Amino acid sequence: MLHIAVPALTAALEPSAVQLLWIIDSYSLVVAPLLVTFGTLGDRYGRRAFVLGGYLVFGLASLAAAFAPTPLALILARAFLGVGGAMIMPATLSIIRQVFTDRRERAIALGVWGAVAAGGAAVGPMLGGVLVEHFWWGAVFLINVPLLLIALPLAVRLLPPTERRDHPWDALSALLSVAGLLALAFGLKEAGYGHTIGRGAAVLVFAAGVALLVWFTARQRRLATPLLDVDLFRRRGFATGVVCVLLAIFALVGLELMLAQYLQLVLGLSPLGAAVRMVPLMIAAIVGGLTAARLLDRVGLRATMSGGLALTALALMPVLAWGVEDHPVMLAVCFVGIGFGVEVALLAASDTIMASAPESRAGGAAAIEETAYELGAGLGIAVLGTITTLVYAPALLVPPDLPPESAAQARESLAAAAHVATEIGGPAGASLLAEARFAFVGALHSAVLVSVLFLLVTAVSVAVLLPRREAARIAERERERVAV
């Protein structure tokens, strides 16, 4: 929903290109480091309490975001949204792991979970388009509040109680995981931009994050009861599932931002019109979530996961031939392939991840999966956004009589160029906007090409690293666990 509001938000708050990326990225960069901590706390103290607390934090942060007066205030509000999200997400997946012990039933439950999430994503852009068109950009956050007021009493009534675990919880391990993941994500992001602390300092931050995570891993191996069972990564199915989630979300979320801007600022659609164009992607994702369990049962884990990733890459390829003209039918076809392929691959990956962990460690396994989701989302926006900016800025031909400060602003992003074009108006404004659209389309092609390569490499890797016998062993382990 936020992607649809980006042009209106840019016009209202006038953030710089870096601030805009921080507005979009701050949620993911905060939620990702906290997932392991809250997931393991949920395993020990009960997951239901974390869902309820997360709803409360998320609602208050949504209010703050809706009425944020400056880009910095919105960035901070989005960060607190990340805290609420980190409390909710691992608990929901681990509750599914707790309730559905049979793997086939759990695959169906995960498919429904994914379909509901995709359904929300389908309604979100349309609702966001209506809200932005008839109210203001902050309404895309304010709408969360009544929804949470409905969800909170339902959760109190319907969520099953979870047992408190007696195993110890290591605070130092939690601190290492939070600091390490935050430094890793921030270092990667800042290395691409270099505008906040500089690229040299970003490399040092990234290296510090790697060192902290190495320390965290070594500590987990020494503890009798580790915060996180890092030996899960020795299971090929688990590790492959995590990588699949990371790279699939990397490609999807980064491109959703680029395509939302393409629809509004290149094709000239209204926020609602752009949301309607993206509906086929979300409907296909719903269908993929509801049918993925059957596909998994019929064709197997390897074919489902690698096939979904390959379909997504194939569906993206026509975008490489698009210009500033509209392709409504082909756009819908591409969106259907992307939505269905990604959701099928993610369901197979989620099923593999949750099947690899005992119920007592389900929160930790779910936290790793959700961390992959959020890191993939944050890095997708950061990396693909950086690629788009690096290609767009030098490709933009500005009118020679444009003031230097306006030219610099126009080179920050397509949204900024549209804002400058509106301010100067006349033939010069129209010329600037036309050139910006051409430059952005070229940058979009570069981002899509990177995504296609990532998806194809991941699809091949899944096919190679997860042979049929490994998938069969995963299923056999699950049958043995259920029998016990």
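**Notes on helix packing and cavities**

1. Start with H12 and H13: their axes come within 7 Å and cross at roughly 155°. Axes here are lines fitted to C-alpha atoms, for helices over the stretch in contact, with angles running from 0 to 180 degrees between N-to-C directions. Helices are DSSP runs (H or I, at least four residues), numbered from the N terminus, and strands are E runs of at least two. The two helices are therefore roughly antiparallel to each other, given that angles over 145 degrees count as such, under 35 as roughly parallel, 65 to 115 as roughly perpendicular and the rest as oblique.

2. Before going on, a word on the source: this is a predicted model, where local features need pLDDT of at least 70, side-chain atom pairs count only at pLDDT 80 or more, and totals for chains, interfaces and linings use all residues. Residues are numbered from 1 along each chain as its sequence is written, and side-chain values use heavy atoms, with hydrogens and water left out.

3. Who touches whom between H12 and H13? On the H12 side the contacts (heavy atoms within 4.5 Å) include Leu301, Met305, Gly308 and Leu316, and they meet H13 residues including Cys334, Gly337, Ile338 and Thr352. By class, this contact has 14 nonpolar, six polar and no charged residues. For the classes, Ala, Val, Leu, Ile, Met, Phe, Trp, Tyr, Cys and Pro count as nonpolar, Asp, Glu, Lys and Arg as charged, and the others, Gly among them, as polar.

4. H12 also packs on H17 (residues 426-465), at an angle of about 160° with the axes 8 Å apart. That makes H12 roughly antiparallel to H17. From H12, Arg302, Met305 and Leu309 are among the residues that meet H17, where the partners include Val448, Leu455 and Ala463. The class count for this contact is 12 nonpolar, four polar and one charged.

5. H17 has another partner in H16 (residues 414-424), packed at about 170° with axes 7 Å apart. H16 and H17 are therefore roughly antiparallel to each other. The contact is made by residues including Leu414, Ala417 and Ile424 of H16 and Gly426, Leu432 and Phe440 of H17. It has 11 nonpolar, two polar and one charged residues.

6. On to the voids: a search of the whole structure finds two cavities of 30 Å³ or more. On a 1 Å grid over the protein atoms alone, a cavity is a set of points where a 1.4 Å probe fits but cannot get out, and lining residues have an atom within 4 Å of a point. Grid points are joined across faces, edges and corners, and a volume is the space filled by probe spheres set on the points.

7. The largest cavity holds about 180 Å³. It is lined by 15 residues, and the closest to its centre are Gln261, Gly385, Thr389, Glu412 and Ser413. H2 (17-45), H10 (236-266) and H14 (362-395) each give two or more residues to this lining. By class it has nine nonpolar, five polar and one charged.

8. The second largest cavity has a volume of about 70 Å³. Its lining includes Glu256, Met278, Thr312, Phe335 and Leu455. Which element gives the largest share of that lining? H10 does, with five residues. The class count is 10 nonpolar, one polar and one charged.

9. The C-alpha atoms of Glu14 and Ala416 are separated by 8.2 Å, though the two are 402 residues apart along the chain. Leaving aside neighbours within four places in sequence, Glu14 is in contact with Leu9 and His419.

Note on methods:
1 Å grid on protein atoms, 1.4 Å probe; cavity = no way out; pocket = protein on both sides within 12 Å on 5 of 7 lines; lining within 4 Å.
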